[in-house]
Amino acid sequence: MESLFSLQAITEILSTSLRLSVPLVFAALAGVLSERSGVFNIALEGKILAGAFGAAFGAFLMEDPYSGLVVGMLFGMMAGSILAVLGVTFGVNQIVTGIAINIFVLGITAFLSRIVFGAQANTLRLPGFKAFDFPGLSSIPVVGPVLFGQDLMVYLMFICVGAVFLFLYRTPWGLAVRAVGENPSAVDSAGLSVTKLRYGCVIAAGALAALGGCYLVLSQVFLFSEHMSAGKGFIALAAVILGRWNPVGALCACLLFGFFDALQLRLQFNYQDVPHQFFLMLPYLISILALVGLVGKPRPPAAVGRHYRREAK
Amino acid sequence: MIISRRDLLITTAAATGVGLLGRSAVAADFRAAAVLPGSITDQAFNQVVYEGLIAARERLGIEVVFSEKVKQADQVSAMSDYARRGYNLVIGAGGEFTAAADRVAKQFPEVLVAVLNGAPTEGVATVNYNNPQFGYILGYIGGKMSKTGKAGMVCGQEIKAFVDIADGFKKGWAKAGAAGDVTLTYTNDWDDVAKAKEATLNLINQGADVVVPYLDNGIVGVVQAAEERGVWVSGLITDLGKSSPKANLASTVLDFAAATASAIELAKKGELAREDYKFAMGSDAGYMGTINDAVPDALKAEVAEIVDQMRAGTFKL
């Protein structure tokens, strides 16, 4: 049996980690953006699924992955709009709204997929993104194949992390978003619209989370299957907290989850005698340990989850 | 808590919806209900059971209703809901329902509770296959055809049916003279296609050139990985030779549709006892599917002979 520490094994584990992390990263970025603006985003799971269905739908109709990407993001933004209208305008409890969206998307995508794809749903092979190598860079041992032999969406993910980070911490709009999550009345008195800022963030978050679903469909399995988000949205929520509502922190948290998930698959292989349940709980065990031990007490944005009404004090 | 509440809501909604529909459509004395863990379009277990339910409904003219996508935490509530509403037969589709069925059977002694693929349990009718036989056949063919001598099996959770299949597979694999090991991997999710694919790629990277999925929706992830890497895949439940003829080495068909339908028929006649039923390899409900053309005729003949022995009950593992 091959050693767990050979160069080959390490490269494979890291590549798998990255692939398992990508949907989580997109969703966690969405969570960061939305919660920074003061809106709880339990609906990440639903938005991933909406994005996955949209991606499959677009790619199926136009026979082109880029159309899939666009349609997927549109579907995610639609799911985001529901959260924005109910949670921001009408002040419905954001957690309840989020759960409602998750249930709704689970049902509607299953229903629509049976209409659109019918019986061929699980045998279909949709057009998707192919991995391509950066000449030169991809031949560096370990780092090369892991970082420079991926497909477009992985690079897009890194760009998005950078973009959200720069947006939040280096632009006046980002300052406004962070402020609206901490103290919306201060933002309001400075003449900015709390509602518009939150709408923008929640809908953009819908598009971002949907990219996670697009990755599942367009880069990983090239078809839509019901409930294919399989709880990734909830893991992303944990990553938001573990990453301290910071895009780079969330990236690291997702990579950590992805890494331990990949590692447990590998460990199951190498240690058939150890009960597999032990390895399966590894990613969750690590996240609990990380939450308790490494990062201290989390401090969420002060106004998160609270409906803002100008007259109310 | 969030997950289980959401699922409970779906379950209840689905149960009521389907229940109402079924009730208005057919009026009959005998009523059967089934609780399914996955979606009825998964091209695997759930879909097949669903087809069996529909077949039973049409053939017997009785009311048959079902709830799909019922999660572990909601199994007992979904099953006892049917029992409370006076269904004569409540079926849990899948071995993971065994514990729930046990509780429901004790709570509602007048209701007949059956589990497909379930571990034999007192007071519950379990409808099973002679699982090691099915695993053995696939293991034997795989072992003869493998170049690396290594095989990998991917499953959702550790359930008795799969463990039995895996045991049979390992015996067949060794009997065929393959040098390497058979490795089992659990993804902890029957539907997660992406994870099933990664798990399979991992097995292939470790040298496995025959992979066997035992999953719901996740099955497509395994098949895709096998197709991409050019290794063999063997299906246990549905005939993969129909959907991916190139990668399919050999598939057995566990025709849960036939098994489910005949269980319901027996129950209607009042003949389904609270005991363990086992369908053999080569019976109406479980048989050999497509074998790839790359398999030499001599091996095919050998397999046919083993299947005959299994059908006759003379085969010893």
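**Two residues and one chain**

Modeller: In this predicted model, A:T97 has its place in helix α4 of chain A, which covers residues 94-116.

Biologist: Is A:T97 buried or exposed?
Modeller: A residue is called buried when its relative accessible area is under 20%. For A:T97 that area is 2%, so the residue falls under this cut-off and is classed as buried.

Biologist: Which residues is A:T97 in contact with, once its neighbours within four places in sequence are left aside?
Modeller: Contact here asks for heavy atoms within 4.5 Å. With the neighbours within four places left aside, the residues that A:T97 is in contact with are A:L83, A:L86 and A:V92.

Biologist: In which helix does A:I241 lie, and is it buried, partly exposed or exposed?
Modeller: A:I241 lies in helix α10 of chain A, which runs over residues 232-242. The class between the buried limit of 20% and the exposed limit of 50% is called partly exposed.

Biologist: Turning to chain B, does its radius of gyration agree or disagree with that of a compact globule?
Modeller: Chain B has 317 residues, and for that number a compact globule would have a radius of gyration near 20 Å. Because the value for chain B is 20 Å, the two agree.

Biologist: How many helices and strands does chain B have, and what share of its residues is buried?
Modeller: The secondary structure of chain B consists of 11 helices and 12 strands. Of the 317 residues in chain B, the buried share is 62%.

Biologist: What share of the contacts in chain B with a separation of 6 or more joins residues 24 or more positions apart?
Modeller: The count takes in contacts in chain B whose separation is 6 or more. Among these, residues 24 or more positions apart account for 69%.

Biologist: How far apart are the C-alpha centres of domain 1 and domain 2 of chain B?
Modeller: The domain assignment gives domain 1 as 2-129 + 256-279 and domain 2 as 131-248 + 285-312. Between them, 18 residues of domain 1 are in contact with 16 residues of domain 2. The C-alpha centres of these two domains of chain B are separated by 28 Å.

Notes: Residues are numbered from 1 along each chain as its sequence is written. Chains are lettered from A and ligands numbered from 1 in the order in which they are written. This is a predicted model: local features need pLDDT of at least 70, side-chain atom pairs count only at pLDDT 80 or more; totals for chains, interfaces and linings use all residues. Side-chain values use heavy atoms; hydrogens and water are left out. Helices (H or I, at least four residues) and strands (E, at least two) are DSSP runs, numbered from the N terminus. The radius of gyration is taken over C-alpha atoms; the globule rule is 2.2 Å times the number of residues to the power 0.38. Buried means under 20% relative accessible area, exposed over 50%, partly exposed in between (1.4 Å probe, protein chains only). Domain bounds come from an automatic or database domain assignment.
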